[in-house]
Amino acid sequence: MTREVLTAVSRRFPTMVATLEDLGDPNDGRWRDHAHYQMVLHNTLTIINGLAYHSMAGNNEAMQTTGIRIGSVKPGRFSRGYYYIWPAVKLTNRTYVGPTDTILRHSAPGSMTLDESQYGVQGAELGFEAMGSIRDAAADDIGFPSHAGTAQLGYQAAWQTRDESNYGATATFDQMAISTKPGNVFSYDASWTVSIGGYSRPRSLLRGLVSFGILGTSLFVRGPKDRIDIIGGNSGVPAVRGKVLLNVPSEHSPETDPHAKGADNPYLDEEPVTRTPMTRDEARKLLDASVEDDRDAGPLDGLPHQTLSVVAEKSSEKGPPGIVDRVLAKASHKRWQLTRVGAPAHDAAVRPEQPQFLTANVDQNASATGSRTTGLFGKGPYMDWLATVVHRMRVTNLRALTRPVPMETEMTVGGSTKASGAQSKSFTQSAGFTAVYGHSHQTNTPVTGNYGLVWRPWWRTRASSGTITRTVTSDINRVDQGHQVLTAGDAEHEVAAEMRSSGVLSPLGAVVRHLRDWAGERQVIKGGWLGHLPERIAHRLGLIQGDKLGGGPLYTRRNWLQPGWFSKAPFATYPVNAVDTSKVVEEFERRLNDLDIDDDSREAIHRLTSARVTRALRREMMGTGSAVTARIGGPGWKRVRIGGRNVRIRAQLEPVEEPQFVQLWPRTELEDHRWAVESFSDSFSSGRGSDAGTQVNEGVHTGDTQVPTAGPSMAETGSNRQNLSATDARVRGRLWTSYTSEPHAEFATRYRLRITMEMGRKRGTSPGTRRPGGSSTAGRSASSARSSRSA
């Protein structure tokens with residue numbers, strides 16, 4: 001398939017992509033220069049890597065729905081093109097091949113970072129020079145001395161010190177399912193089609209002052225608005241056909257044929273997607289995470305469950321591929337920087353809608369505030385644009401696809417905190433002299449020449465640097481070895497986007513809608529969520545009928561309590577769900593409005609209080625808290641500020657009541673892992689050497705008063721360097737692991753989220769002061785812990 005794609009693309013864009021046979025000679029006349037050849041080679045290798053086996057196998061689901069894009073750059077003298085290759089696959093004719101002896105693992109890890117860094121550089125330079133010259137009293141026809149000499153002696157030294165600090169936290173969430181029996185192999189007929197799209201525009205120099213920005217407008221963005229088929233479809237080239245083998249866990253194989261006529265299969269619906277537009281007020285509330293939004297979290301809220309897949313909307317053959325495209329087009333009034341496929345801001349906005357991202361970020365999307373895609377920047381000729389996309393989902397209309405079967409599930413919530421410091425010093429010094437002799441040759445055509453010698457016999461440098469990094473990681477793994485029910489549900493997606501102008505005209509967005517606008521849309525995908533439910537949960541939700549076994553005992557006749565020391569030194573506790581932080585975050589942001597806080601800082605607050613971060617960093621937040629750096633205005637009144645200053649925004653979780661026992665869970669195991677790693681790195685370097693060179697300049701007398709001489713010049717310099725470097729690295733770490741099993745208790749606890757702003761050494765604790773602080777009951781959070789019975 002790779003050869004067919006390269007041939008088809010090179011046939012349409014011969015100066016962008018070539019087959020490997022055509023890339024044999026870099027000096028071929030097909031390439032303008034070596035840089036052009038390097039660009040074509042890079043594009044070709046990018047396509048080859050994108051169509052490699054591991055890429056095709058890992059993106060199999062994406063190629064069936066949203067498609068994957070492989071980018072290429074078309075170089076030009078006056079324009080530059082950005083094109084993408086869009087492979088898609090259709091699987092048909094499912095055929096059972098036979099059993100296999102392999103055990104399958106499926107996971108979807110997701111992470112969020114809150115890293116920050118600061119650095120400072122100090123430098124100094126010292127130097128002196130002495131110069132002497134002699135001149136002949138006799139001069140030529142242009143007044144230049146017949147003989148002249150100049151000698152220069154100098155010394156230079158430079159010092160530089162750099163101090164750097166890196167710090168922050170990382171929150172992770174991983175869901176893994178492990179089959180307990182060998183799986184089944186199915187064969188599919190695969191038909192691959194490939195299309196291409198993109199655009200070209202004048203180079204940045206031409207889009208600037210040269211054309212007064214005219215060439216940077218959308219009128220000069222050239223290229224097809226829709227994808228063009230190059231293999232399959234309407235291309236005239238037949239689709240590439242082959243076979244795909246899929247290994248399916250035997251636990252997920254239904255007892256009856258799900259493709260039979262009349263089968264209860266949500267994926268057989270010919271119109272599985274239902275769309276409803278959102279009003280501007282509803283979209284605004286979603287963007288602001290407003291508590292006025294009366295949202296039902298769905299039947300899975302607060303219950304243990306595992307997500308296997310979130311189905312993405314299948315893209316159409318022509319036109320915008322998904323819900324984010326439609327919302328962005330409406331919010332941005334179809335500005336090409338945010339709607340054109342291939343534009344950086346557009347591609348960054350739609351990437352989280354691919355199946356892998358939807359599955360890995362399901363904990364964020366299913367929270368009350370949803371997930372946010374920020375920093376979408378579109379460069380315009382006269383005005384720049386910024387966009388934000390918020391995605392929220394919930395699961396409804398659950399239906400069981402199988403009976404309870406043995407299946408091991410692992411849910412891992414982890415958080416790590418890193419702090420590192422680096423310091424480097426360098427010192428460079430050199431000494432040398434330069435001698436130049438000038439002579440005027442009085443011939444028929446007078447010539448004035450300068451002949452110089454440069455010699456730097458002494459050059460020395462030395463540098464040293466040291467780095468220390470300390471990382472602490474804590475993760476809790478909940479392993480359920482009981483029976484699971486494969487369940488499908490309808491995925492209700494809510495997407496809202498905001499577009500605003502950037503720069504001096506941005507305040508006009510309050511009255512001019514074309515400078516700031518927002519839009520939203522709701523979308524329901526039938527069978528858009530696939531996951532595992534524990535047998536107890538599935539029975540409680542009414543998904544298991546007719547077994548007459550009930551949901552199992554809850555062991556609530558007696559009240560199970562946690563030990564007194566457990567609240568101060570908890571271990572082996574797994575947070576089942578996240579707290580709802582929308583109310584306190586909205587109130588805290590309202591108090592910051594008069595401090596002229598910037599948009600990046602607002603997004604940092606949203607990340608700090610997101611569902612994944614508050615869940616993974618709960619231990620830090622229940623102690624000293626987790627913090628991020630924000631930027632507010634300097635001295636002033638209301639939003640009229642002079643300059644700005646950095647502050648710290650800190651979030652803390654405080655229990656407001658004793659944990660309430662809910663039930664006992666059998667056949668579960670909690671694995672608590674804690675790492676502490678410290679690394680040291682030292683490096684030293686020194687160098688010595690010398691430089692020598694010559695310079696020659698010959699100028700013919702032209703007789704012109706403005707340009708008295710004209711002629712060639714040549715300079716040559718040679719260096720002799722001896723460098724010595726050494727590096728020393730040391731790493732030490734410690735791991736603590738605890739395993740607890742049978743049984744585990746589930747407790748529900750109410751928490752208060754406190755957000756404060758720290759300015760210098762001052763800490764905000766009370767509302768209504770210059771250092772705003774906010775606190776509110778954030779909601780209930782269920783957790784599983786090793787049970788203990790009170791005496």
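In the predicted model, the buried residues of helix H7 are Ile323, Val324, Asp325, Val327, Leu328, Ala329 and Ala331. Helix H7 spans residues 323–331, and because seven of its nine residues are buried, H7 is largely enclosed by the rest of the structure. The surroundings of these buried residues comprise both helices and strands: they pack against helix H8 (336–339) and helix H9 (344–350), and also against strand E13 (384–400), strand E17 (483–502) and strand E18 (516–534). After H7 comes His333, which has a positive phi, near 55°.

Two packed helices are described by the angle between their axes and the distance between the axes. On the H13 side, the contact involves Val585, Phe588, Glu589 and Leu592, which meet Arg602, Ile605 and His606 of H14. By class, the residues of this contact between H13 and H14 comprise four nonpolar, one polar and two charged. An α-helix has 3.6 residues a turn, so residues three or four places apart point the same way.

Arg650 is located in strand E23, which covers residues 644–655. The side chain of Arg650 is placed 3.3 Å from the backbone oxygen of Thr624. A polar atom of the Arg650 side chain also lies 3.4 Å from the backbone oxygen of Gly625. When residues up to four places away in sequence are not counted, Arg650 touches Thr624, Gly625, Ser626 and Ala627, together with Arg754, Ile755, Thr756 and Glu758.

Over the protein chain as a whole, 16 helices and 30 strands are assigned. The C-alpha trace spans about 120 × 70 × 60 Å along its principal axes. The protein chain has 791 residues, of which 44% count as buried. Among contacts in the protein chain with a separation of 6 or more, 81% are accounted for by residues 24 or more positions apart.

Key: Residues numbered from 1 in each chain as written. Predicted model: local features only at pLDDT ≥ 70, side-chain atom pairs only at ≥ 80, totals over all residues. Heavy atoms only, no water. Buried < 20%, exposed > 50% of the residue type's maximum accessible area, 1.4 Å probe, protein only. Helix = DSSP H or I, 4+ residues; strand = E, 2+ residues; numbered from the N terminus. Contact = heavy atoms within 4.5 Å. Nonpolar A, V, L, I, M, F, W, Y, C, P; charged D, E, K, R; others polar. Polar contact = N/O pair within 3.5 Å; in protein donor to acceptor, adjacent residues only side chain to side chain.
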